[in-house]
Structure formats: structure tokens, C-alpha cells
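Keep the structure open as you read.

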Amino acid sequence: MVVAASEHLHVVHEEDSSKRRQILDGARKVFMALGFDGASMGEIARAAQVSKGTLYVYFADKCALFEAILEEEALQHGQVVFNFDPARDAETTLKEFGRAYIHLLCRPGGGSAIRTVMAIAERMPDVGRRYYGRVLDKTINRLSEYLRAHVASGDLAIDDCDLAASQFMELCKASLFLPFVFQAASAPSEQRMTEVVNSATRMFLAAYRK
């Protein structure tokens, strides 16, 4: 009897997870097409092919839906493996990190969440703060810790590693991210990303290599 109950709960959980995934996929399409303000729970229900009643079972409103999408974005960022082994030399590590970071930012569909957050952050600052903390600040901190290790070993001379980490990430985005996020250009090519990241690494090490 216990086994039957356990199996039933397992099936229900799978159904809930599948339905939630279906809703989030539909919501993502609507937010990408219409933006946060243009999206409605009705539009999201139609895109997800569920009733509005079912939609409200899973999410109280479109703010909760958007927060769930941002949470997935944060998880995707967290799953990207940046090799910050302190034993690796700075030039190799910075180049690899820079390319992986730009790939993550400029992947197809990757700019939609950032565009929407930028559009609503002024009147919904908690959303902006949470997105920054979960996604961008974590990456800065990971790079900063790597830089501190190389300052300690004597390879680099940096007074403020948090600032230096932010500087390097901005250098990698130069000419690539803003045109992409504002849809003034398509995702950059592999060759262009490599050129920009290599230039960023040269500039960074010219300033901070001991």
C-alpha cells in the first residue's frame, strides 16, 4: 500500500514538473515577443496551451512567472563551468573565461531576460537587484577570487580585485554585448569573440601584470 502511494506521488510530481515546464516555455515566448508590460496571463496561458485556471495554480501572477524565468537564467549561468584553478596561468584562464562569458551572454535568446530586467528595474528594483546578485555579481566574485590568488603569488599587482574583475568583464563585452542586447547586431561570430577577448586580455595584463 505504501509503495502504491509512493508511485502515485512520483507520477503526480512528474506531471507537475512537466506542466510547470510547459508554462515557463510559453511565458518565455510571450515575454520575448511582447516584453513584460505587454505580456498578460491570458496570452501566456494561450502560448503555454493551458487554461488560465491551471496557470494560476502554478503562478500567482506574471511577476512570479518572470521571477521563475530569471531563476532559470541564474541556474544556467551557475552551470557554466569557468576554470578558475589558481594553478593555471592568468593569460590562459582570462582568455578561456572571456570567451565562455561572452558565449553565455550572446547566445541565441540570451539577451531577452536582460532586456526585460533592464526595462522594469526602475519601477521594480527588487527584481533588478535579485537578478544582479544571482547572475552578474556571482561571476564577478568568482573571477575576483582567482585574481586575488595571483596577487598573493606575485603574478599580478592589483589593489582592488573586485574592480579589476568588473573591468575585465566589461572589456570582453566591448563592441559585442550592447549591439546584441539592443538588437542592433546579431550574435557575434567565434572569430570576432576571440579577437575582442584576446584584446581585452592584452589590455588587462598590460595594466596589472607585475
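Predicted model: local features only at pLDDT ≥ 70, side-chain atom pairs only at ≥ 80, totals over all residues.

Which residues line the largest cavity? The lining is made up of Arg-28, Phe-31, Met-32, Phe-66, Ile-69, Ser-112, Ala-113 and Thr-116. The volume of the largest cavity is about 60 Å³. A search of the whole structure turns up one cavity of 30 Å³ or more.

Now step back to the overall fold. The protein has 10 helices and zero strands. Read from the N terminus, its elements run α-α-α-α-α-α-α-α-α-α. The protein has 210 residues, and 40% of them are buried. Consider contacts between residues at least 6 apart in sequence: 72% of these join residues at least 24 apart.

Return to helix 6. Is helix 6 largely enclosed or largely open? Seven of its 10 residues are buried, so helix 6 is largely enclosed by the rest of the structure. The buried residues in helix 6 are Gly-111, Ser-112, Ala-113, Ile-114, Thr-116, Val-117 and Ile-120. Look at Thr-116, which sits in this helix. Its relative accessibility is 7%, and the cut-off for buried is under 20%, so Thr-116 counts as buried. Leaving aside residues up to four places away in sequence, Thr-116 touches Phe-31, Phe-36 and Phe-66. Phe-31 and Phe-66 also belong to the cavity lining.

Next, the surface. The protein exposes about 11500 Å², and carbon and sulfur atoms supply 55% of that area. Which residues form a nonpolar patch there? Met-118, Leu-178 and Phe-182 do, with about 340 Å² of accessible area together. Phe-182 lies in the loop between helix 9 (177-181) and helix 10 (190-208). Phe-182 has a relative accessible area of 55%, and is therefore exposed.

Charged pairs come next. Side chains of opposite charge can pair when their charged atoms come close. The count here is 12 salt bridges. One of them joins Glu-43 to Arg-46, with the closest N and O atoms 3.3 Å apart. Both residues lie in helix 2 (residues 41-48), three residues apart, about one turn of the helix. Glu-43 is partly exposed at 33% relative accessible area, whereas Arg-46 is exposed at 56%.

A pair in helix 10 has this spacing too. Arg-192 and Glu-195 meet in a salt bridge at 3.2 Å, N to O. Being three residues apart in helix 10, they are separated by about one helical turn. Arg-192 is partly exposed at 38%, and Glu-195 is partly exposed at 37%.

Finally, a bridge across the chain. The side chains of Arg-209 and Glu-91 meet in a salt bridge, 3.7 Å from N to O. This pair links distant parts of the chain: Arg-209 is in the segment after helix 10, Glu-91 is in helix 5 (residues 90-105), and 118 residues separate them. Arg-209 is partly exposed, with a relative accessible area of 47%. Glu-91 is partly exposed as well, at 32%. Which residues are linked in a network of salt bridges? The network links Glu-91, Lys-95 and Arg-209.

Methods:
Residues numbered from 1 in each chain as written. Heavy atoms only, no water. Patch = residues over 30% accessible without salt bridge, like charges linked within 9 Å, V, L, I, M, F, W, Y side chains within 5 Å. Areas by Shrake-Rupley, 256 points an atom, 1.4 Å probe, with all protein chains shown as cover. Salt bridge = Lys/Arg side-chain N within 4 Å of Asp/Glu carboxyl O. Helix = DSSP H or I, 4+ residues; strand = E, 2+ residues; numbered from the N terminus. Buried < 20%, exposed > 50% of the residue type's maximum accessible area, 1.4 Å probe, protein only. Contact = heavy atoms within 4.5 Å. 1 Å grid on protein atoms, 1.4 Å probe; cavity = no way out; pocket = protein on both sides within 12 Å on 5 of 7 lines; lining within 4 Å. Points joined across faces, edges and corners; volume = space filled by probe spheres on them.
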